[in-house]
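This report sets out selected features of one protein model, from its domains to individual residues. The sequence and the structure are shown below for reference.

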Amino acid sequence: MRFFIDTANLEEIRKAKGYGLIDGVTTNPSLFARESQDWRKLAEAICKEVDGPVSLEVIGTTAKEMVKEARDLIKYGPNVVVKIPMIMEGLAAIRELKAMDIPVNCTLIFTPMQALLAAKAGAAFVSPFVGRLDDILHTGLDAVADMVTIFDNYALDTEILVASVRNPLHIQEAALLGADVVTVPFKVLERIAKHPLTDLGLAAFLKDWEKAPGAKAAKKAAPAKRAAAKKAPAKKTAKK
Ligand code: G3P
């Protein structure tokens, strides 16, 4: 399963990239609204920073507007995937963009049927919003499970990109269901790695190591060796 980061914050993207945790980025208008930099500069910088797909969303609501915007958005980088909302006009836009070889991530998907329509129109990704479904007492991951079954039944190429992820369990369940991609906010990404037993275990190992025969002596010897190594080149320079 690939991990995308759901943010328009360059610092978060760089941090996650540093941990080797990024296969792509998803953004949306609300995420850009949280940043202080002009969205165009930011979009360009994000595309440069990341090797994988970067989703940039249109704000038009007619197929004509969406296609026009999509043609502009792809100029921000060779890895741009255009995010199109799941509305009837959006489906027409997806069809047109597919014919132009412009990859689309169909967003704001809440039912398996919406996902099927987007896949049939030619979307490269469909983004079911699991957290927002949970918010209104529908189990978001149930919709994802049905999407996986339907896409498998018809061997559809469209990838299921689980979005609106709020906690590590969403990610684990998405992985168990066989979703292709999950897009995760930075704070949730940090939480996946964390476990109190890992922290306790590490603290105990480090403490016990102090008692291991020879460990203290090895620790003391190391700085002395480093100091000696530092002095050596200084002498050489003085001779010249
Ligand atoms: O990128 C779209 C999606 O992930 C939004 O998440 O938390 O605003 O429902 P959220």
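A residue is taken as buried if 20 or more other C-beta atoms lie within 10 Å of its own, as exposed if 12 or fewer do, and as partly exposed in between. The model is a predicted one. By this criterion Ser164 counts as buried, because it has 22 C-beta neighbours inside 10 Å.

Ser164 lies in the loop between β7 and α9. Its phi is positive, about 55°, although the residue is not a glycine. Most residues other than glycine have a negative phi. Ser164 also belongs to the group that surrounds the ligand, together with Asp6, Thr26, Asn28, Phe129, Gly131, Arg132, Ala163 and Thr183. This shell divides into 5 polar, 2 charged and 2 nonpolar residues.

Leu137 likewise has a positive phi in a residue other than glycine, here near 65°. Leu137 is placed in the loop between α7 and α8. With 6 C-beta neighbours inside 10 Å, Leu137 counts as exposed.

**Helix α9**

Which residues of helix α9 are buried? In this helix, which comprises residues 168-177, they are His170, Ile171, Glu173 and Ala174. These residues cover an arc of only 170° around the axis, which puts them on the same side of α9. Leu169, Ala175 and Leu176 are exposed and sit on the face turned away from the buried side of α9. The packing partners of the buried residues of α9 are the helices α7 (130-135), α8 (140-153) and α10 (186-193), together with the strands β7 (159-162) and β8 (181-184). Just after α9, Gly178 adopts a positive phi of about 90°.

Helix α4, residues 63-73, has the buried residues Ala63, Met66, Val67, Ala70 and Leu73. Their arc around the axis is only 125°, which places them on the same side of α4. The face of α4 turned away from that buried side carries Lys64 and Asp72, both exposed. The buried residues of α4 pack against β3 (54-57), β4 (80-85) and α5.

Val80 has its place in strand β4. It is buried, with 20 other C-beta atoms within 10 Å. Not counting residues up to four places away in sequence, Val80 touches Cys47, Val54, Leu56, Leu73 and Ile74. One of these, Leu73, is among the buried residues of α4.

Where is Thr27 found? Thr27 is in the loop between β2 (24-26) and α2 (29-33). This residue is buried, with 24 other C-beta atoms within 10 Å. Leaving aside neighbours within four places in sequence, the contacts of Thr27 are Ala8, Phe32, Ser55, Leu56 and Glu57. Leu56 is also listed among the residues that Val80 touches.

| Pair | Separation in sequence | C-alpha distance |
|---|---|---|
| Thr27 and Ala45 | 18 residues | 13 Å |
| Ala99 and Gly122 | 23 residues | 8.7 Å |
| Val80 and Ile59 | 21 residues | 16 Å |

The domain assignment of the protein gives domain 1, residues 2-193, and domain 2, residues 199-239. How many Å apart do the C-alpha centres of the two domains lie? The C-alpha centres of domain 1 and domain 2 are separated by 48 Å.

Helix α11 consists of the 16 residues 196-211. At 1.5 Å a residue, α11 should span 22 Å, and its end C-alpha atoms are 23 Å apart, which agrees. Helix α11 is hardly covered, since the count of buried residues among its 16 residues is 0. By contrast, α4 has a buried side that packs against β3, β4 and α5.

Technical notes
Residues numbered from 1 in each chain as written. Predicted model: local features only at pLDDT ≥ 70, side-chain atom pairs only at ≥ 80, totals over all residues. Near = placed C-beta within 6 Å. Nonpolar A, V, L, I, M, F, W, Y, C, P; charged D, E, K, R; others polar. Helix = DSSP H or I, 4+ residues; strand = E, 2+ residues; numbered from the N terminus. Arc of directions from axis to C-beta. Contact = placed C-beta atoms within 7 Å. Domains from an automatic or database assignment. Expected span 1.5 Å × (residues − 1).
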